[in-house]
Amino acid sequence: MPRPRSLEQDESASDAEDPAVEAMAQRKLLMIPGPVELAEGVQAVLGRPQESHLAPEFIAAFGRALRGLRTLAGSRDAIAAIIPGTGTLAMEFATANLVEAGDNALVVNTGYFSDRFAQILERQGARVSQVRAEPGAIPDLEEVEKALAERRYKLMTVTHVDTSTGVRAPVAALAALAKRSETLVVVDAVCALGGEALTQDAWKIDVVLSASQKAIAAPPGLALATFSQRALAARRERQFPPPSLYLDLEQWLPILAAYEKGESSYFATPAVNLVSALDASLERIFEEGIAPRVARHQRLAHAFREGMRALQLELLPEREASCASTLSAVNYPKGIGPNLIEAIGQQGVQVAGGLLPARKASYFRVGHMGCARAQDILAVAGAIERALASLGHRAGSAVAAVEAALTP
Ligand SMILES: *Cc1c(COP(=O)(O)O)cnc(C)c1O
């Protein structure tokens, strides 16, 4: 609770005057689709004195993080890369190494971040075709199959979970279609890796790309990618190197290999503090286990959706089976709009607005990934219930429905 002004001013050296303490007291539970809440041990890493990128402890941490990323992506022999940047840079990194001007690229479009992939590919000189799903729908596999049969594509991109709609694409089935024509498959798993099931080798994915701040639950600032051996071969078969030196996998290879071997090397300064935080987060992920972690995400996401249904709220995804486990997109009820977000904030929880430009004002998004626990789902469902009531929309009890769903 904020303290009355007069009281605060009377105290000369109390905690209440410390802006950091005050900010903590007013801090909202962060339930947006990234960045997400950090585990205490991950948070603590960020406060350590600055380390050198050549320090033995850091070399060990970077090596572990690279091996951990490969394992998390479900690969034995992919090249794991962690470079300073965001998820968007990871998208550019993946395709910069694979497409050359004039190459055909197919974008399986499920929303905002698929649109972004089309834009990136166009900038990189590719000729882009798209198979579009309506917002909330998953792409029609037959249409994708038809598109792949019509033309020879160098690569196909799929957004595993499109953060604008909360829809999860059927990655394994889509990748299998592309493999028939030896099309390279690039999966944007920024809002999926660490929260959804994905196995790069078994599904024959050529690049899995992600970022640190979503289901992996590390701070923002790292672009992550795992390149299959086929992807590396495609990089090496290019006529010209990628125009961006920074994004050339070939430049990073010796550095990545050195750190994995326990040696240091230099191309561009690693984001030392963030890599160490990522290492700490991956350690927690492997302590929990990948399969139990995916199951936890499914359980919590399902409970959250039950809570929303109890409030008579509709989800943006058309079908329960294609609802992501990492976030939910929920339509506002009649008569209520984006002011709901502020009202939820007053109940102590931060959620996010809509992202699809044409529908922005018709839905909101709740992230439930990373370290999310049952009590966080109860908290956000309760906050939504109370916020709706404060705006005159009274329906059932979200909290009771979440409780029921979480009770075995
Ligand atoms: C967040 C996100 C991105 C972009 O990541 P940034 O770190 O914001 O650049 C790309 N794709 C998907 C699916 C995302 O959820």
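Entry 1. I am working from a predicted model. I placed Gln312 in the loop between helix 12 (290-310) and strand 11 (327-331). Its phi is positive, about 65°, although Gln312 is not a glycine.

Entry 2. I then turned to Glu182, another residue that is not a glycine and has a positive phi, here near 55°. I found Glu182 in the loop between helix 8 (171-179) and strand 8 (184-188). Is Glu182 buried or exposed? Its relative accessibility is 54%, and on that value I logged Glu182 as exposed.

Entry 3. I checked the peptide bond between Gly34 and Pro35 and recorded it as cis, with omega about -5°. Pro35 belongs to the loop between strand 1 (29-30) and helix 3 (40-45).

Entry 4. Next I went through strand 10 (residues 222-227). Why do I call this strand largely enclosed by the rest of the structure? Six of its six residues are buried, so I use that description. I sorted the residues by direction: Leu222, Leu224 and Thr226 point one way from the strand. Ala223, Ala225 and Phe227 point the other way, and the residues of both sets are buried.

I also looked up the strands that pair with strand 10. Strand 2 (residues 79-84) pairs with it in the antiparallel sense, over six bridges. For that pairing I noted Pro84, whose bridge partner in strand 10 is Leu222. Strand 9 (residues 207-211) pairs with strand 10 over five bridges, also in the antiparallel sense. There I noted Leu209, which stands opposite Ala225 of strand 10.

Thr88 has a polar side-chain atom 2.6 Å from an oxygen atom of the ligand. For Asp188, a polar side-chain atom lies 2.7 Å from a ligand nitrogen atom. For Lys214, the distance is 2.7 Å to an oxygen atom of the ligand. I then looked up the cover on the ligand: taken alone it exposes 380 Å², and the protein buries 89% of that.

Entry 5. Last, I searched the whole structure for aromatic pairs and got eight. I took Phe58 and Phe62 as one case; their rings are tilted, 5.6 Å centre to centre with 40° between the planes. The two residues are about one helical turn apart, because they lie four residues apart in helix 4 (residues 56-73). I logged Phe58 as buried, and Phe62 as well.

I took Trp252 and Phe267 as a second case; this pair is edge-to-face, 5.0 Å centre to centre, with 90° between the planes. It links distant parts of the chain, 15 residues apart: Trp252 is in helix 10 (residues 249-260) and Phe267 in the loop between helix 10 and helix 11 (272-288). The relative accessible area of Trp252 is 3%, so I logged that residue as buried. I also noted a cluster in which ring pairs link Phe58, Phe62 and Tyr259.

Notes: Residues are numbered from 1 along each chain as its sequence is written. This is a predicted model: local features need pLDDT of at least 70, side-chain atom pairs count only at pLDDT 80 or more; totals for chains, interfaces and linings use all residues. Side-chain values use heavy atoms; hydrogens and water are left out. Rings of Phe, Tyr and Trp (its six-membered ring) pair if their centres lie within 6.5 Å; planes under 30 degrees apart count as stacked, over 60 as edge-to-face and the rest as tilted. Buried means under 20% relative accessible area, exposed over 50%, partly exposed in between (1.4 Å probe, protein chains only). A polar contact is a pair of N or O atoms within 3.5 Å; within protein, one must be able to donate a hydrogen and the other to accept it, and residues adjacent in sequence count only if both atoms are side-chain atoms. Accessible areas come from the Shrake-Rupley method with a 1.4 Å probe; for residues, only the protein chains shown count as cover. Two strands pair if DSSP finds at least two bridges between them.
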